Amino acid sequence: MKRLYFIVIGFVALLLASCEREQRRFQQGAPSTDTSQSHASMDEIYPGGARPPSNVANVYEENAYMVSEGKRLYEQYNCVGCHFHGGGGIGPPLMDADWIYGGEPQNIHDTIVEGRPNGMPSFRGKIPDQQVWEITAYVRSMSGLLRKDVAPGRSDDMSIKKPEESQKPEPPKK
Amino acid sequence: MKHSAFSNLGSFLLGGNHSVTSPASPQAHQINGIWWLMFWVCGAAFVLTMLSMAGAIWRRRKAIEVDHARDSRRAAFVALASGIVVVVLFVFLVASAVGMKKTEYIETRNALTIQIIGHQWWWEIIYNDPVPSQIVTTANEIHVPVGKPVLILTSSRDVIHSFWAPNLNGKRDLIPGYQTAFWIQADHPGVYRGQCAEFCGHQHAHMGFEVIADPAGKYEQWKAAQILPAKEPEDDVKRHGREVFLSHPCVMCHTIRGTDAGSRVGPDLTHLASRGTIAAGTLKNTTGNLAGWIMNSQSIKPGNHMPSMSLQPDDLQALLAYLGSLQ
Ligand SMILES: [Cu+2]
């Protein structure tokens, strides 16, 4: 009897976990394009010491739909033109463990919004914040940092590399 | 603009601007002919079958009564009926083969060529021209001249869609990475409604379009206006509206020819104000609807690829004034 009880609980827990994976949030409310909360800064000197690093968790990293939206936008906003499919070109590779500006969600968000001095354009005000977080989640899936069942399993174009879900995890070095 | 399932069914049977039974092109006449042939023949067969069954029940024989002469007459009758069924099916086969051949045939002599590209969940319409500056790009509204063959080239940017304007022709699938061709020709002026006919995701039901058949002169006028780049804003409010457009996410997805906006993720807005509807036939193109669409497109077409925006009230008003001036 007790075993049955555990099996049922385990099963329900599994089902609940997949709820978040499949949730489609269309009505997020109009995402604000205000980025004054940004943590990016262009140098390492601060009066009175640095702000503590922010550890914003990106809830979209649990959500397969949001990550696939990020993947679509990565193509449509032409990140792919500079970073290719993660291997890098004009911009640095995004599928490896090396991050110039940090590989945490908040770092990547800030990189997209603020731009970076050696050629990364600033998308401030041009990409709604909700989409920036979607793209951030996708960028992290490229180096295998997302759960396998959330990362995209296929591409819309001819595949040149393994899908993100089969990418070997490359935890950020920095 | 919204069509309920019932009014669609009604107009399908009784005719209308979204109906197989009010054909407005040579191909649609073929399809309509086959439809009515099948309707009357199958209707007659149904009535005859029901009458025979009623007769059989009425004149049922007693279990023990055996009449060999009558039985052999019956066998002959069954053979005759089977023969008639075979003949009728053969007539259908020939009629549909002939009809299909006529609709599949592609008329290219002095045809106008239009490229139609399916997107989730709207239609990109491109009027090809050897001279690049004469190419016209628009969305969801296809203007054609009456009486002239129009060669349509289809493809898709994402998933399989299907182009179906029942008054003009049968369905045609739009397949990613693959171009198909067919032609339509509108016999008389009118507005014919169409709809995506292959399930393509969340907003498949809101992926409509209109084919507007104009007399040649009116069509040429329309085309000439569409070729022009967007009108320069003539006052400060509209100038500010253009600035809002170019400094907000709009510029990442839309084209307004004559400005820096050149993205093709969403519909070309160069002559937005000349269109009757927005969002693929979902809303009438009024200032109020436009405001609602921009601020909260996700409540109108949940899941569509344009995010809801947040704009300051002044910016929104200026943007609406500018978009409204894009005749
Ligand atoms: Cu569809």
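# Two chains and their contact

Visitor: How many salt bridges does the count over all chains come to?
Guide: This is a predicted model. A pair counts when a side-chain nitrogen of Lys or Arg lies within 4 Å of a carboxyl oxygen of Asp or Glu. By this rule, the number over all chains is 15 salt bridges.

Visitor: Which side chain meets B:R172 in a salt bridge, and in which helix does the partner sit?
Guide: The partner of B:R172 is B:E104, at 3.7 Å from N to O. B:R172 belongs to strand β7 of chain B, residues 172–174. The two residues are 68 apart, so the pair links distant parts of the chain under the 4 Å rule. B:E104 sits in helix α3 of chain B, residues 68–104.

Visitor: How many salt bridges are counted between chain B and chain A?
Guide: Polar contacts do occur there: 2 residue pairs, both at pLDDT 80 or more. For salt bridges between chain B and chain A, the count is 0.

Visitor: What area is buried between chain B and chain A?
Guide: The contact draws 20 residues from chain B and 18 residues from chain A. Carbon and sulfur atoms give 61% of the buried area. The total is about 1500 Å².

Visitor: Which residues of chain B lose the most area to chain A?
Guide: Three residues together make up 33% of what the chain B side buries. They are B:P249, B:M252 and B:H305.

Visitor: Which element gives the most residues to the side of chain B that touches chain A?
Guide: The elements giving two or more residues are α5 (236–247), α6 (250–253) and α7 (287–300) of chain B. The top contribution is 4 residues. It comes from α7(B).

Visitor: How many charged residues are on the side of chain B that touches chain A?
Guide: That side has 10 nonpolar residues. It also has 10 polar ones.

Visitor: What distance separates the centres of domain 1 and domain 3 of chain B?
Guide: The assignment for chain B gives domain 1 (6–104), domain 2 (112–222) and domain 3 (236–324). Taken over C-alpha atoms, the centres of domain 1 and domain 3 of chain B are separated by 52 Å.

Visitor: Where in chain A is the pLDDT below 50?
Guide: Chain A has a mean pLDDT of 82, and 82% of its residues reach 70 or more. The stretch below 50 has 18 contacts in the model beyond near neighbours in sequence. It covers residues 29–37 of chain A.

Visitor: What ipTM does the predictor give the complex?
Guide: Chain B has a mean pLDDT of 90, with 94% of its residues at 70 or more. The complex has a pTM of 0.87. Its ipTM is 0.80.

How values were computed: Residues numbered from 1 in each chain as written. Chains lettered and ligands numbered in written order. Heavy atoms only, no water. Contact = heavy atoms within 4.5 Å. Buried area = accessible area lost by both parts, 1.4 Å probe. Polar contact = N/O pair within 3.5 Å; in protein donor to acceptor, adjacent residues only side chain to side chain. Nonpolar A, V, L, I, M, F, W, Y, C, P; charged D, E, K, R; others polar. pLDDT = per-residue confidence, 0-100. Domains from an automatic or database assignment.
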